[in-house]
Amino acid sequence: MDQKDFNIHAPLIEECRKGSSKAQYMLYKQYSKAMYNLAYRMMNNREDAEDILQETFTECFRNIGTFRFESTFGAWLKSILMNRCINQLRKKKTELVYYETLPVVAEEEEPEINYDTNKIFRGIEQLPDGYRIILTLYLLEGYDHTEISQIMGISESTSKSQYSRAKEKLRSILLKT
């Protein structure tokens, strides 16, 4: 990523640091839809996603002075949102569900299945929380298993096996519909 990508929001961020509500609104307007979608995929609940979105932006603007342009603003905002989601799920005592009886399917054994996007997202919503979170982080958000293990406080091998089991569970859900 070049320097231009990191500095694209610099003027808005500087205005936010000065307390400009107009600059805050502009950043909110630009990022709120994507952040809401991520929060919804993580929480699987509209009200929780809306609450986390508002809390994320409140924290963001309260701590905007700590943003150092070491990453993109979007990545920084996403990390705040992810931490809020994980903390909320932990408060709800959501734990990873381990289904040791499901076989781990190797990548090359996976059949080619084509579904429409809406059907896939409805299937993801039906997954147990632990599976849904890891599948979302890996497949939809692009985190690798090392990053997921750090975010979730689990081992990398647990992340990999849970991802594999989540795909298998999702496949079985999609085949039933």
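Colleague: What makes Glu 15 count as partly exposed?

Modeller: Its relative accessibility is 34%. Buried means under 20% relative accessible area, exposed over 50%, partly exposed in between (1.4 Å probe, protein chains only). Glu 15 therefore falls in the middle class.

Colleague: What kind of model is this?

Modeller: This is a predicted model: local features need pLDDT of at least 70, side-chain atom pairs count only at pLDDT 80 or more, and totals for chains, interfaces and linings use all residues. Residues are numbered from 1 along each chain as its sequence is written, and side-chain values use heavy atoms, leaving out hydrogens and water.

Colleague: What makes Glu 15 and Lys 18 a salt bridge?

Modeller: Their side chains meet at 3.7 Å, N to O. The rule asks for a side-chain nitrogen of Lys or Arg within 4 Å of a carboxyl oxygen of Asp or Glu. The pair therefore passes. Lys 18 counts as exposed, at 66%. The whole structure holds eleven salt bridges.

Colleague: How do you know that Glu 50 and Arg 46 are separated by about one helical turn?

Modeller: They are four residues apart in helix H4. Helices (H or I, at least four residues) and strands (E, at least two) are DSSP runs, numbered from the N terminus. The side chains of Glu 50 and Arg 46 meet in a salt bridge of 3.2 Å, N to O. Glu 50 is partly exposed at 34%, and Arg 46 is partly exposed at 43%.

Colleague: Why is the pair of Glu 59 and Arg 84 said to tie parts together?

Modeller: Their closest N and O atoms are 2.9 Å apart, in a salt bridge. Glu 59 lies in helix H4 and Arg 84 in helix H5, so the bridge links parts 25 residues apart in sequence. Glu 59 is partly exposed at 22%, and so is Arg 84, at 24%.

Colleague: Which residues touch the most other members of the largest nonpolar core?

Modeller: Leu 27, Met 42, Cys 60, Phe 73 and Leu 137, out of 44 residues. H2, H3, H4, H5, H7, H8 and H9 each supply at least two core residues. H5 gives the largest share, nine residues. Such a core is a set of buried Ala, Val, Leu, Ile, Met, Phe, Trp, Tyr and Cys residues joined through side-chain atoms within 4.5 Å.

Colleague: Which residues does Phe 73 touch?

Modeller: Contact means heavy atoms within 4.5 Å. Leaving out residues up to four places away in sequence, Phe 73 touches His 9, Ile 13, Leu 27, Tyr 31, Cys 60, Ile 64 and Phe 67.

Colleague: What covers the buried residues of H7?

Modeller: The cover includes H3, H5, H6, H8 and H9. Among the buried residues of H7 are Arg 132, Ile 134 and Leu 137. Just after H7, Gly 142 takes a positive phi of about 80°.

Colleague: Why is Leu 139 not buried like those?

Modeller: Leu 139 lies in helix H7, but its relative accessibility is 48%, so it counts as partly exposed.

Colleague: Is Leu 170 buried or exposed?

Modeller: Buried, because its relative accessible area is 8%. Leu 170 is in helix H9. Gly 123 is 47 residues away in sequence, yet 6.1 Å away in space, C-alpha to C-alpha. Beyond its neighbours within four places, Leu 170 contacts Ile 120, Gly 123, Ile 124, Leu 127 and Leu 135.

Colleague: What makes Ser 159 count as buried?

Modeller: Its relative accessibility is 0%. Ser 159 also sits in helix H9. Leaving out residues up to four places away, it touches Ile 134, His 145, Ile 148 and Ile 154.

Colleague: How many helices and strands has the protein chain?

Modeller: Nine helices and zero strands. Of its 177 residues, 41% count as buried. Among contacts with a separation of 6 or more, 69% join residues 24 or more positions apart.
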